[in-house]
Amino acid sequence: MLKFVCTLLLMPTLLFAAEPLRAVVSQTNTAPYAIFDQQQRLVDGIAKDLLDAVAARLNRPVQYLDLPKGRVVEWLITDKADISCFLNPEWIPVTYKLIWTPVLFHTRQYIVRRIADNPVRSNQDLLHKRIGTTRGFSYPELQPLFETNAAVRDDAESLEKNIQRLQQGRVDLVMTVDLSFGHYQRHFDSSKLAVDPLWAEPAQVYCALNPHHRLQVEQIQKSFVLMQQQGVIDKALQRWAHRSI
C-alpha cells in the first residue's frame, strides 16, 4: 500500500519528465540572448545556456519554439508553450495572467548614435528623431514620444540591420541593451559609433511561465532560484559580457 501511495505522489513529476519543456525563443531576441544558425535553429546564446540548464534539472528535453514576439503571451496562456525569457511584467499588457520567475538579472538600455552626432541625455534630445527599434519590443520610457509623434519609432528585426540603417542615415538613433551592443562590438566595426546610456534605471529581466500547471511552475521557479544561488546565471552572463560599454 505504501509503495502504491508513493507511486501516486511521483506520477505528476514522472509525467512532466516525459514531456519536453516548450520554450519560446524568438529570433527577435538579439545576440547574445539567442543565436540561430542558417537553418534557423537555436544553437547558442544566453537563452540556450539557461533553458538547457533548467531542463536538465527537470530531467526533461527542450523543444524550442521560434515565435513572433506578439504571439508569446497567447501561447503561454493557452497552454501551447511553457516558458519564455527576457521579459518584464511591465512590458506585458496581461501580465496578471502569467506566472513569473524571480528576477534573473538587470539590463541597461543604450542609445547608439553616429560618433559625430551630439550625445543624447534626455527625451528632449530625441525630439523629431527617427529611432531604430526592434520589432515586437516594448520601450516604456519612449512610448509618450511615439504616441504624440514627437519621435518616430522605426522597427527592424535585428540590431545589425538597425545599425546598418543608422550608418546609411535612414534612422537617427538606435535602441539597444548592454549585452547586445557588446556582442555587436565583438563581431563588427563600431569605431564610428557611440553609445549613451538611457536615463532610466536598469530593467529587471524575468521569464514568464505557463500558468496552467502548478507543479511545473513550482519546479521551474525552484530551479531558477537554485541556479542563482549556485552562480549558474552569473556564469552564463559573464560568458557573453563585453567590458567596453
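Predicted model: local features only at pLDDT ≥ 70, side-chain atom pairs only at ≥ 80, totals over all residues.

Trainee: Okay. How many helices and strands does the protein chain have?

Mentor: Eight helices and 13 strands. The C-alpha trace spans about 75 × 35 × 35 Å along its principal axes.

Trainee: And what percentage of the 245 residues count as buried?

Mentor: 44% of them. As for contacts in the chain with a separation of 6 or more, 69% come from residues 24 or more positions apart.

Trainee: Let's do a helix. How many residues has α7, and how far does it reach?

Mentor: Helix α7 runs over residues 214–229, so to speak a 16-residue stretch, and reaches 23 Å from its first C-alpha to its last. That is close to the 22 Å expected at 1.5 Å a residue.

Trainee: Which residues of α7 are buried?

Mentor: Gln216, Val217, Gln219, Ile220, Ser223, Phe224 and Met227. They cover an arc of only 165° around the axis, so they sit on the same side of α7.

Trainee: Which ones are exposed on the other side?

Mentor: Arg214, Lys222 and Gln229 are exposed there. After α7 comes Gly231, with a positive phi near 80°.

Trainee: Switching topic: how many cavities of 30 Å³ or more are there?

Mentor: The count comes to one.

Trainee: Which strands supply at least two residues of the lining?

Mentor: β5 (83–87), β11 (173–177) and β13 (203–209) each do. The largest share, three residues, comes from β11.

Trainee: Now the backbone. Where is there a cis peptide bond?

Mentor: Between Ala31 and Pro32, with omega at about 10°. Pro32 lies in the loop between β1 (21–24) and β2 (35–36).

Trainee: Is Asp79 buried or partly exposed?

Mentor: Asp79 is partly exposed, because its relative accessible area is 28%, which falls between the 20% and 50% cut-offs.

Trainee: And what about phi of Phe86?

Mentor: Phi of Phe86 is positive too, near 65°. Phe86 is placed in strand β5. At a relative accessible area of 8%, Phe86 counts as buried.

Trainee: I also marked Arg165. Where is it found?

Mentor: Arg165 is in helix α5, residues 159–167.

Trainee: Buried or exposed?

Mentor: Arg165 is buried, since its relative accessible area is 9%, and the cut-off for buried is under 20%.

Trainee: Which residues is Arg165 in contact with, leaving aside neighbours within four places in sequence?

Mentor: Gly132, Asp154, Asp155, Ala156, Arg170 and Val171.

Trainee: Next, where does Ala200 lie?

Mentor: In the loop between β12 (193–197) and β13. Ala200 is buried, with a relative accessible area of 17%.

Trainee: What does Ala200 touch, not counting residues up to four places away in sequence?

Mentor: Arg108 and Glu141. There's also a distance to note: the C-alpha atoms of Ala200 and Ser138 are separated by 14 Å, and those two are 62 residues apart along the chain.

Trainee: Last one: where is Asp234 found?

Mentor: In helix α8, residues 232–240. Asp234 is partly exposed, with a relative accessible area of 45%.

Trainee: How far is the C-alpha of Asp234 from that of Asn162?

Mentor: The two are separated by 29 Å, at 72 residues apart along the chain.

Notes. Residues numbered from 1 in each chain as written. Heavy atoms only, no water. Helix = DSSP H or I, 4+ residues; strand = E, 2+ residues; numbered from the N terminus. Buried < 20%, exposed > 50% of the residue type's maximum accessible area, 1.4 Å probe, protein only. Contact = heavy atoms within 4.5 Å. Expected span 1.5 Å × (residues − 1). Arc of directions from axis to C-beta. 1 Å grid on protein atoms, 1.4 Å probe; cavity = no way out; pocket = protein on both sides within 12 Å on 5 of 7 lines; lining within 4 Å. Points joined across faces, edges and corners; volume = space filled by probe spheres on them.
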